[in-house]
Amino acid sequence: MRDELIAKTKERLANQGFGEDILTVRLQNFADVDLVSKETGKKFDFILADLGVSSMQIDNPERGFTYKAEGPLDLRLNPEKGESAAERLAHMDFEEIVGMLVENSDEPYAEEIADEIMKQKRKGGIKTTTDLKEVIERALKFLPAKEQKEAVKKACARTFQALRIDVNSEFEVLYS
């Protein structure tokens, strides 16, 4: 998929007049942007960085980016590096989970979700996207029934975002 993304990007930009003589395309961690100049021997007038998650990643249940489909709880932008979201959660304590949820997504139910994650870890852990969604549903059972569906949807989106940011060290990468 990585080669496919690079080829699509090159083609799309070449059609806009940006050929290989003036364009260098790399699919890599933004923290390593300084290495591109060293590798190519070129200086750059500007850098265009796509820092988002692609729909190809989100739409693929095997990547674990969505709570809407069953899949492994992964969330890594590069599945060949680092630990998955399931592995990361397994190593975190209550305070770390709360901090991650608050700092990375302003989750208003961070403590309730972290508490339920800790309970599930003692019962065997969280391995899939569905496991995490069910944990969030249980954590928000205290809400009035008419509010639960929407609250769970929003909490799932924020929790998956927070985990994705954490697993990929997105803030640290941008800072460096």
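**Figure 1. The salt bridge between R76 and D74 in the predicted model.** R76 is buried in this predicted model, with a relative accessible area of 13%. Its partner in a salt bridge is D74, and the closest N and O atoms of the two residues are 2.6 Å apart. D74 also counts as buried, because its relative accessibility of 10% falls under the 20% limit. A search of the whole structure finds seven salt bridges, and the pair of R76 and D74 is one of them. Side chains of opposite charge can pair when their charged atoms come close.

Figure 2. L75 has a phi near 75 degrees, a positive value in a residue other than glycine. Most residues other than glycine have a negative phi. L75 belongs to the loop between α3 (55–59) and α4. With a relative accessibility of 0%, L75 counts as buried. A positive phi is also found at D106, where the angle is near 50 degrees. D106 sits in the loop between α5 and α6. D106 is exposed, with a relative accessible area of 63%.

**Figure 3. The salt bridge between E107 and R158.** The side chains of E107 and R158 meet at 2.8 Å, N to O, in a salt bridge. This pair links distant parts of the chain, 51 residues apart: E107 is in the loop between α5 and α6, while R158 is in helix α8. E107 is buried, its relative accessible area being 3%.

Figure 4. D115, E116, K119 and R138 are linked in a network of salt bridges. Within it, the side chains of D115 and K119 meet with an N to O distance of 3.5 Å. Both D115 and K119 lie in helix α6, where four residues, or about one turn of the helix, separate them. D115 is partly exposed at a relative accessible area of 34%. K119 is likewise partly exposed, with a relative accessibility of 34%.

**Figure 5. The aromatic pair of Y109 and F142.** The count of aromatic pairs comes to one. The ring centres of Y109 and F142 are 5.8 Å apart and the ring planes stand at 70 degrees, so the pair is edge-to-face. Y109 lies in the loop between α5 (94–105) and α6 (110–123), and F142 in the loop between α7 (129–139) and α8, so the pair ties together parts that are 33 residues apart in sequence. Y109 is partly exposed, with a relative accessible area of 21%. F142 counts as partly exposed too, at 49% relative accessibility. A pair of aromatic rings is described by the distance of the centres and the angle of the planes.

**Figure 6. A patch of positive charge on the surface.** The patch is formed by K68, K149, K153 and K154, which gather on the surface. K149 is found in helix α8, which covers residues 145–167. K149 counts as exposed because its relative accessible area of 75% is over the 50% limit.

**Figure 7. Two pairs of residues separated along the chain.** A86 and T128 are 42 residues apart along the chain, and their C-alpha atoms are separated by 7.4 Å. A86 lies in helix α4 and counts as buried, with 14% relative accessibility. In the second pair, D93 and M118 are 25 residues apart in sequence and 7.6 Å apart in space, C-alpha to C-alpha. D93 is found in the loop between α4 (85–91) and α5. At 34% relative accessibility, D93 is partly exposed.

**Figure 8. The helices of the protein.** The protein has nine helices and zero strands. Along the sequence, the pattern reads α-α-α-α-α-α-α-α-α. The protein has 176 residues, of which 34% count as buried. Among the buried residues are L75, E107 and A86.

Technical notes
Residues numbered from 1 in each chain as written. Predicted model: local features only at pLDDT ≥ 70, side-chain atom pairs only at ≥ 80, totals over all residues. Heavy atoms only, no water. Patch = residues over 30% accessible without salt bridge, like charges linked within 9 Å, V, L, I, M, F, W, Y side chains within 5 Å. Areas by Shrake-Rupley, 256 points an atom, 1.4 Å probe, with all protein chains shown as cover. Salt bridge = Lys/Arg side-chain N within 4 Å of Asp/Glu carboxyl O. Lys, Arg positive; Asp, Glu negative; His and termini not counted. Charge placed at Lys NZ, Arg CZ, Asp CG, Glu CD. Helix = DSSP H or I, 4+ residues; strand = E, 2+ residues; numbered from the N terminus. Buried < 20%, exposed > 50% of the residue type's maximum accessible area, 1.4 Å probe, protein only. Phe/Tyr/Trp six-rings, centres within 6.5 Å; stacked < 30°, edge-to-face > 60°.
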